[in-house]
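The sequence and model come first.

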Amino acid sequence: MIQSETLELLEWHRLCQHLSTFAATKLGAIATRDLTPPDSQAESEYLLTQTKEVYELESRLTTGLSFDGIQDIGDYLERAELQGVLAGDELLAIATTLAGSRNLRRVIDNQPDLPILIELVADLRTYPELEQEIHRCIDERGQVSDRASQKLADIRIDLRKLRNQITQKLHNIIQVKSNAVQEQIITQRGDRYVIPVKAPQKDAIPGIVHDTSASGATLYVEPNSIVPLGNQLRQLVRREQAEEEAIRRALTQQVAEVKPDLEELLAIATTLDLATAKARYSFWLQANPPRFINRQENEYITLRQLRHPLLVWQQQHEQGSAVVPVDLLIQPEIKVVTITGPNTGGKTVTLKTLGLAALMAKVGLFVPAREPVELPWFNQVLADIGDEQSLQQNLSTFSGHIRRISRILEALGIGDQESGNEDRGLGIGDQESEIGIPYPQSPVPVPLSPVPCPLSLILLDEVGAGTDPAEGSALAIALLRYLADHAQLTMATTHFGELKALKYQDERFENASVEFDEATLSPTYRLLWGIPGRSNALAIARRLGLKAEVVEQAKTNLGGSTDEVNQVIAGLEAQRRRQETKAAQAQDLLQQAERLYKEVSAKAANLQEREQALRASQEVAVQQAIAQARSEIALVIRRLQQGTPTAQDAQQATKALHQIAEKFIPQPPPKPKQGYIPKEGDRIRIPKLGQTAEVLTAPDDDGELTVRFGIMKMTVKLEDVESLDGKKAEPVAKPDAEMRRRKDAENVSVSPRHHVPLSSPQPAPAIRTSKNTVDIRGRRVADAELILDKAISEAAGPIWIIHGHGTGKLRQGVHAFLQQHPRVNRYEAAEQSDGGTGVTVAYID
């Protein structure tokens, strides 16, 4: 009973209702709304693995798992077993369910690394022959088709002929007796064909009156001449109905014969839909998969940035306020956490958030917290939250709390026995899911260790409240010490100052508090660990306008010691905030350093790859140039060797070698424009000496020149002189090795034993590699833009973008994105050998 009460207090049914909106089938929605936590950790591990595999599968598929065609056919199967006859649309629902289940199995079978899902659908029988027979006999409107049997086809041919005969006779009567007819139309009353006749002229068309208009002016008459045809038509219709029923009865019998397999198919499809709803809800929550820990192995409870899932839903769908996450990092030796602080500060929300996180992990849902998500598997989650006051049951607030806590302690004793005997040792193969499917043996081993300690999570709101503070505090201390011995973890909120001191008396206790901004009189909803909270009642009262003398009198009544304690706590809170600020700044710096390191490493790797690619391309180009030059030189030599060479032949050969050298040896860079060069007889200034002088000799190859000022001659460096108008002289450039090689090439004599010396060619054009190729085939345009933006930011040359042909939308989106990107200089279709119009080459600035 207390466990169901806890689910109500934590609003578990609301979470399940939200989860059901992510289900694709009716049965899946029913299963999510009735979701109950399992009784063993092994079952929770299996459900989590299911959710993880569906989550992974959904991320691979472009449209996710499809449950199209799968319907709730349970009632139809029951009626078929009871020898009822199913209607056409009911048979059609069974056929579409078979087809939808087959598609599910096909998608899962194509993914070899999903062992749980593959095992789940391994024995799924979809009876394609039954599906084909139903579609052969039943059309898309749910009617029995003509091809169902030859007898039915013959009956319907006779029916069409007879109806045409009846309508033709009625048209003839209307034309002959047009004055007696109210309207020239043929209608039906029941299954009989009639014509509207004016009441005063009913004798003009003798027959059977089947109906009268509301005014009585029109009679609907079946002429006597077509009554035998109408009787014959009725008999044919009954034969048609009998044949249709026989066909549907035969199909129903086939369904009844495979009812157990179809029920299992329906259950497996519902299980997949339930797992898919969990995965999609977890994705929407931006949640992460939990890992169950064993606190006896010194593992911490780690729930960073934990958010209340119902508040997230309220923020997204009901225009609620932003959700403030809390951090829960609880050491393995801690058994009780007491949360203190002012009202409306978020204490109760913290309790509910932790309780829902534990329940979500148990049923296979991800937890809305930052990775890693680590918490124990709790066999029971028990809570006393809210006011249990009841006038009808003559219960006060205190009495209501005590009765509920008594039920918690009673359930805790039962849970302790079960946790030691069954919960941890039950094998998956002996269990069933919430919809009746036996859980197969999990291929992932579940580590189960003996658990001598209880596994319950206890949540107590305002423990000991509602009675005398001294007695309530004493009762709360005794209760929390008892729970420290008998529960895995207890989290309690309180205003009693005595509970704050338990941390310093027992290492199993820890303090936490909710932060409150006294300046704005509003809570920040942040949870502070290791610091007891303050009620801030007097500060709030003063801010809200209570008379100062009343507040001062209240302080006097409290005594100085309480004020000193509050000051110490306020100092600790301020110190904590400063430390958190510095820690956040240090974390930002660390993240910046890591980001810069990654960027530098990536650029260095990119440069190294480019250098290697360029070196390889240059080597190929050099080898090609050398081979071509050798072949051309060999051709010149063969020409000389043919016959007796003359001087003219030698001159032509030398000219040919010069042409080869000009072709394969790059031109020297243009000479830089020289500055001021002193000439013999020029007047110059020597700034170091502060003198003007006359140039006696021009600068030599070493950049030295002889000058004379007065009667003195001296040798100075070219860089030490300038013109009279202040122009600096530039040093004489020495001929470089390239020029010397060029001169040597020009002076090579023609001989079979000599070759033209070659220098390295210019860098070869960019070559397509796996590093500068981006494959975005099958992507949406939005996803492709993110990939291209990253590739362009990291590129130092052209990139090849493979988008394929398809409908052309992806190529148009890529071209539009490249057109507006600031780093893209131009783009064009690739060479035909590189993919043609299915590949775009973008040139990056």
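C16 is buried, at a relative accessible area of 1%; buried means under 20% relative accessible area, exposed over 50% and partly exposed in between, with a 1.4 Å probe and protein chains only. This is a predicted model, in which local features need pLDDT of at least 70 and side-chain atom pairs count only at pLDDT 80 or more, while totals for chains, interfaces and linings use all residues. Residues are numbered from 1 along each chain as its sequence is written, and side-chain values use heavy atoms, with hydrogens and water left out.

**Cysteines**

- C137 is also buried, with a relative accessible area of 2%.
- The structure holds 0 disulfides, a disulfide being a pair of cysteine sulfur atoms within 2.5 Å.

**Aromatic pairs**

- There are 6 aromatic pairs in the structure; rings of Phe, Tyr and Trp (its six-membered ring) pair if their centres lie within 6.5 Å, and planes under 30 degrees apart count as stacked, over 60 as edge-to-face and the rest as tilted.
- F22 and W284 form a tilted pair, with ring centres 6.2 Å apart and planes at 50°.
- F22 is in the loop between α2 (12-20) and α3 (26-33), and W284 is in helix α11 (residues 259-285), 262 residues apart; helices (H or I, at least four residues) and strands (E, at least two) are DSSP runs, numbered from the N terminus.
- F22 is buried at 18%, whereas W284 is partly exposed at 24% relative accessibility.
- Y55 and F283 are a tilted pair too, 6.2 Å centre to centre with 55° between the planes.
- This pair ties together parts 228 residues apart in sequence, because Y55 lies in helix α4 (residues 41-60) and F283 in helix α11.
- Y55 is partly exposed at 27% relative accessibility, and F283 is exposed at 59%.
- One aromatic cluster is formed by F22, Y281, W284 and W313.

**Charges over rings**

- R189 lies over the face of Y220, 4.0 Å from the ring centre; the criterion is NZ of Lys or CZ of Arg within 6 Å of the ring centre and within 35 degrees of the ring normal.
- The charged end of R826 sits over the ring of Y843, at 3.9 Å from its centre.

**Sheet**

- An open sheet of 4 strands runs in the order β1-β2-β4-β3 with antiparallel pairing, where two strands pair if DSSP finds at least two bridges between them.
- β1 (187-189) and β3 (207-212) are at the edges with a single partner strand each, so one side of each has no neighbour in the sheet.
- β3 and strand β4 (residues 218-223) pair in the antiparallel sense over 5 bridges.
- D211 stands opposite Y220 in β4.
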